[in-house]
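User: Please show me how to read a structure like this one, feature by feature. I would like the general idea and then the case at hand.

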Amino acid sequence: MMRQPGRHFLQIPGPSSVPDRILNAISRQVIDHRGPDFAELGTRVLEGLKTVFKTESNVFVFPASGTGAWEAALVNVLSPGDKVLMYETGHFATLWKSMAQRLGLNAQFIHGNWRGGADPDKIEEALREDTTSEIKAVCVVHNETSTGSVSDILSVRKAIDNAGHSALLMVDSISGLASIDYQHDEWGVDVTVSGSQKGFMLPPGLSFNAVSKKSLMANKVAKLQRSYWDWGDMIGPNKSGYFPYTPATNLLYGLVESIDMLHEEGLENVFSRHSRHGVTTRQAVRAWGLEVLCSEQGAESGVLTAVMLPKGHSADAFREKALTEFGISLGNGLSKVSDKVFRIGHLGDFNDLMLMATLSGVELGLESAHVPYNRGGVQVALEQLKTSET
Ligand SMILES: *Cc1c(COP(=O)(O)O)cnc(C)c1O
């Protein structure tokens, strides 16, 4: 392949590009994970994570991608044959449901159209119908990365409470945490699943379970088979900053740096930056005459925007042009929307100029791939940035 000069734009919705500060932190020498120096690193990580999940309870760290922490969440609190209520917000919700089935759980799936968040009313209705309390957990994806739609987790909590149901609330915020407001304790979430390679700006390889007192109790009686993922093995060593097996030491160096960076900017500022970039991107998309996949007003994500191609045009052919001619990687459409949509990631270590370059890459790609569009989306975005507060 011919060399492409200049920097590459990794605008997929995770992994997000890793800032130099984090790359430098990760490049340090490995230390003894059972030695005295490690305790300080481990403690900083475990305490720091609480400030991002907004919890006083434990956050467990696994050397795994987000999928590992999905499995950890399920096997630690549930027993074979347990019923779980899951909501089809998109591809990731569907994958989590398939995992639940493969683990021997009885998944009740509320179907959705992939164009919005989870509807709390439908969750409440399903829970009210469950008069014998067979449902042990409600599982929802916070930021559905395949569609760019956000579910209102506090409203899901209220739906469970309104139904007077005892089910645990389990949330996948793998791509929402540290980019969109998230409050584990305040929203009464029992298990939050997250990962390193999205809002945390780290390479892939770490994932998390934030827990509640109620889920720690459930852990004591849950009978699904587990070994590597068992929270029970983590609790003791974590108290002094250690782990039961070899942790991903260098990613933990990066994680300390990431948490510091999030607080130096201020979490509220991080959230409003993402939201502003989401608004700007959607304005550009509409100016191009294209449709945003998320059609539920107020549920649009600040992390990514999924864009529908006009009928008869290939999203993958367009993405290939954008990559080979302009050096920008855009996210592909997953499963049901494969080749029909592309996704613009605007998350992580990202600013106005990077967004403008990204949107320029999209407009150049549309032109080059002969996708019918109206010119000027980039100009509309620029005007939006000029007039909206940073
Ligand atoms: C990225 C992502 C996952 C999968 O995480 P992996 O790290 O690829 O295992 C799951 N759910 C959501 C919402 C995601 O964005």
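**Reading the features**

Analyst: Start with V59, which lies in strand β2 (residues 59-62). Helices (H or I, at least four residues) and strands (E, at least two) are DSSP runs, numbered from the N terminus. The model is predicted: local features need pLDDT of at least 70, side-chain atom pairs count only at pLDDT 80 or more, and totals for chains, interfaces and linings use all residues. Residues are numbered from 1 along each chain as its sequence is written, and side-chain values use heavy atoms, with hydrogens and water left out.

User: Is V59 buried or exposed?

Analyst: The terms rest on relative accessible area: buried is under 20%, exposed over 50%, and partly exposed in between (1.4 Å probe, protein chains only). V59 has 3% relative accessibility, so V59 counts as buried.

User: Which residues is V59 in contact with, leaving aside its neighbours within four places in sequence?

Analyst: Contact means heavy atoms within 4.5 Å. On that basis V59 is in contact with L46, L49, K50, F53, F208, N209, A210 and N238.

User: Where is S151, and what does S151 touch?

Analyst: S151 sits in the loop between β7 (149-150) and α6. At 2% relative accessibility, S151 counts as buried. Residues up to four places away in sequence are not counted, and S151 then touches T89, G117, A118, V140, V141 and H142.

User: How is a pair of packed helices read?

Analyst: Two packed helices are described by the angle between their axes and by the distance between those axes. Axes are lines fitted to C-alpha atoms, for helices over the stretch in contact, and angles run from 0 to 180 degrees between N-to-C directions. Helix α5 (residues 120-129) packs with helix α6 (residues 153-162) at an angle of about 25°, and their axes are 8 Å apart. That makes α5 roughly parallel to α6, given that angles under 35 degrees count as roughly parallel, over 145 as roughly antiparallel, 65 to 115 as roughly perpendicular and the rest as oblique.

User: What is the hand of the crossing where α5 passes α6, and which residues meet?

Analyst: A crossing is left-handed if the near helix is turned anticlockwise from the far one by less than a right angle, and right-handed if clockwise. α5 passes α6 in a right-handed crossing. P120, I123, E124, L127 and R128 of α5 meet S155, V156, A159, I160 and N162 of α6. The residues of this contact divide into six nonpolar, two polar and two charged. Here Ala, Val, Leu, Ile, Met, Phe, Trp, Tyr, Cys and Pro count as nonpolar, Asp, Glu, Lys and Arg as charged, and the others, Gly among them, as polar.

User: At what angle do the axes of α12 and α13 cross?

Analyst: Helix α12 (residues 352-368) and helix α13 (residues 377-387) have axes that cross at roughly 165° and come within 9 Å. The two are therefore roughly antiparallel to each other. α12 passes α13 in a right-handed crossing. D352, M356, L359, S360 and E363 of α12 make the contact with G377, V378, A381, L382 and L385 of α13. Its residues divide into six nonpolar, two polar and two charged.

User: How many aromatic pairs does a search of the whole structure find?

Analyst: Rings of Phe, Tyr and Trp (its six-membered ring) pair if their centres lie within 6.5 Å; planes under 30 degrees apart count as stacked, over 60 as edge-to-face and the rest as tilted. The search finds eleven aromatic pairs. The ring centres of Y182 and W187 are 5.3 Å apart and their planes are at 70°, so this pair is edge-to-face. Y182 is buried at 1% relative accessibility, and W187 is buried with a relative accessible area of 11%. F62, Y228, W229 and Y245 form one aromatic cluster.

User: What should I look for in the backbone?

Analyst: Most residues other than glycine have a negative phi, and most peptide bonds are trans. In this model, a cis peptide bond joins G14 and P15, with omega about -10°. P15 is in the loop between β1 (9-11) and α1 (20-26). K54 has a positive phi, near 55°, and lies in the loop between α2 (36-53) and β2. Phi of A178 is also positive, near 70°, and A178 is in the loop between β8 (168-172) and β9 (191-195).

User: Are K54 and A178 buried or partly exposed?

Analyst: K54 counts as partly exposed, at 28% relative accessibility. A178 counts as buried, at 2%.
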